[in-house]
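Okay, thanks for coming, everyone. Have a look at the structure on the screen, and I'll walk you through a few spots in it.

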Amino acid sequence: MEGFKALLNRLRYKHLLMISMLGKHRNLHQAADAMYMSQPAATRMLSEIEKGFGCQLFERTARGMNPTPVGEMLIDFADNALTRLDRCAEEVYRYQLGERGQLTVGSIVGAAPDLVASAIIEMKRQRPRLQVRLMGETSDQLMELLEQGKVDLAIARYANAIQHNQFDFEPLGNETLVTVVRAGHPLCSGSLPTLETLLDEWPWILQPMQTPARQALEKQFETEGLVSPRDIIECSSIFAALQLVQKSDALMVMAETVLRDHLGAGLIERLPISLGRALSPFGILVRKDTLYAEPVNQFRELLRNASRQLS
């Protein structure tokens with residue numbers, strides 16, 4: 001324990017930055033340039049850091065610097081610490097300017113059009129000087145951002161089982177997944193083929209495999225004794241997926257809230273197929289054992305109110 005305390009006393013901001021830069025560039029010369037220091041000085045600093053930890057953090061090779069397993073752990077720690085320090089400095093700066101801090105929210109796209117938008121609008125009405133950032137990603141990406149401290153809370157789903165140990169979850173609602181095609185698609189006229197035929201003979205636009213929505217689809221296919229579509233375009237960008245479905249003969253599965261405007265404008269048409277029935281509810285996810293600022297708790301309450309009004 002005494003050695004650990006002594007290490008913390010010696011560990012400085014520049015040490016964290018050096019570890020982070022080496023993790024990013026994997027090259028001592030480039031890391032030194034990024035920190036505006038000479039390569040010999042960077043070499044001495046790295047030697048000092050490794051001496052403090054009592055082990056080698058990077059292996060020197062002809063192609064650059066490869067982190068050891070301990071080095072990988074310290075890169076993650078340094079990246080997270082620097083991100084939180086940057087956010088803290090920004091909040092202090094904004095407070096000095098007369099602002100009232102910031103709130104960074106991550107949300108799956110299915111919850112954004114109604115639930116999250118309503119909560120943000122009300123939050124800004126009550127706190128006009130609060131800076132609100134909204135990041136729309138898939139659940140797996142949001143869990144990574146939440147773990148790194150890059151978002152204060154996420155409106156999403158668990159992406160894997162181990163995350164139950166890392167985050168607290170409060171359910172809010174669920175998405176209705178719908179299957180759509182472009183306007184005037186051949187499948188919009190006449191009787192619709194069986195799902196097995198659609199999976200076998202038509203192209204599909206689906207979210208990446210690591211997303212809960214895609215996993216729910218695959219689980220349904222398995223339950224019904226079907227195989228995945230033969231012809232798949234994996235797309236995590238909502239904008240790109242909407243462009244692709246309008247310019248091709250592909251079928252696309254996505255949250256109804258996201259597609260509402262395009263369906264209303266007649267740009268796409270809904271097919272009478274029920275998919276994604278195994279999709280679990282989404283909700284508020286926060287890091288366990290973390291003391292949050294008052295705006296985060298207020299926004300959570302606004303989300304609860306919006307969920308009750310929409311249900």
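Let's start with a loop: Tyr-36 sits between helix H3 (28-34) and helix H4 (39-53). When I say helix or strand, I mean DSSP runs, numbered from the N terminus: H or I with at least four residues for helices, E with at least two for strands. Tyr-36 is not a glycine, yet its phi is positive, about 55°. Most residues other than glycine have a negative phi. Tyr-36 is also exposed, with a relative accessible area of 80%. For that word, the cut-offs are under 20% relative accessible area for buried, over 50% for exposed, and partly exposed in between, with a 1.4 Å probe and protein chains only.

Before we go on, a word on where this comes from. This is a predicted model, so local features need pLDDT of at least 70 and side-chain atom pairs count only at pLDDT 80 or more, while totals for chains, interfaces and linings use all residues. Residues are numbered from 1 along each chain as its sequence is written, and side-chain values use heavy atoms, with hydrogens and water left out.

How confident is the predictor? pLDDT is its confidence in each residue, from 0 to 100. The protein chain averages 88, and 94% of the residues score at least 70. Confidence is highest in strand E8 (residues 203-206), at a mean of 97, and lowest in helix H1 (residues 2-10), at 55. Where pLDDT is low, the predicted coordinates should not be read in detail.

Asp-289 is another residue other than glycine with a positive phi, near 55°. You'll find Asp-289 in the loop between strand E12 (282-287) and H12. Is Asp-289 buried or exposed? Asp-289 is exposed, at a relative accessible area of 81%.

Next, a hairpin. Strand E1 (residues 58-61) and strand E2 (residues 64-67) pair in the antiparallel sense over 4 bridges; two strands pair if DSSP finds at least two bridges between them. The hairpin joins E1 to E2 through 2 residues. Look for Arg-60, which stands opposite Met-65 in E2. And while you're looking at strands: in a regular strand the side chains alternate between the two faces of the sheet.

Grid points are joined across faces, edges and corners, and a volume is the space filled by probe spheres set on the points.

The second largest pocket holds about 270 Å³ of space. It is lined by 17 residues, and the closest to its centre are Asp-114, Asn-174, Thr-257, Phe-282 and Leu-310. Elements giving two or more residues to that lining are helix H6 (112-126), strand E6 (167-173), helix H11 (256-264) and helix H12 (294-310). Which one gives the most? That's H11, with 3 residues. By class, the pocket lining has 6 nonpolar, 7 polar and 4 charged residues. Here Ala, Val, Leu, Ile, Met, Phe, Trp, Tyr, Cys and Pro count as nonpolar, Asp, Glu, Lys and Arg as charged, and the others, Gly among them, as polar.

How many cavities of 30 Å³ or more does the structure hold? There are 2. The largest has a volume of about 40 Å³, and its lining includes Leu-177, Ala-213 and Arg-214. H9 gives the most to that lining, with 3 residues. The second largest cavity has a volume of about 30 Å³, with Ile-205, Cys-235 and Ala-241 among its lining residues. The classes come out as 7 nonpolar, 1 polar and no charged.

One more loop: Met-209 lies between E8 and H9. Met-209 is partly exposed, at 38%. Its C-alpha atom is separated by 8.2 Å from that of Glu-234, 25 residues apart along the chain.

Last, the cysteines. A disulfide is a pair of cysteine sulfur atoms within 2.5 Å, and a search of the whole structure finds 0. Cys-55 counts as partly exposed at 28% relative accessibility, and Cys-188 is partly exposed too, at 31%.

Key:
On a 1 Å grid over the protein atoms alone, a cavity is a set of points where a 1.4 Å probe fits but cannot get out, and a pocket is an open set with protein on both sides within 12 Å along at least five of seven lines; lining residues have an atom within 4 Å of a point. pLDDT is the predictor's confidence in each residue, from 0 to 100.
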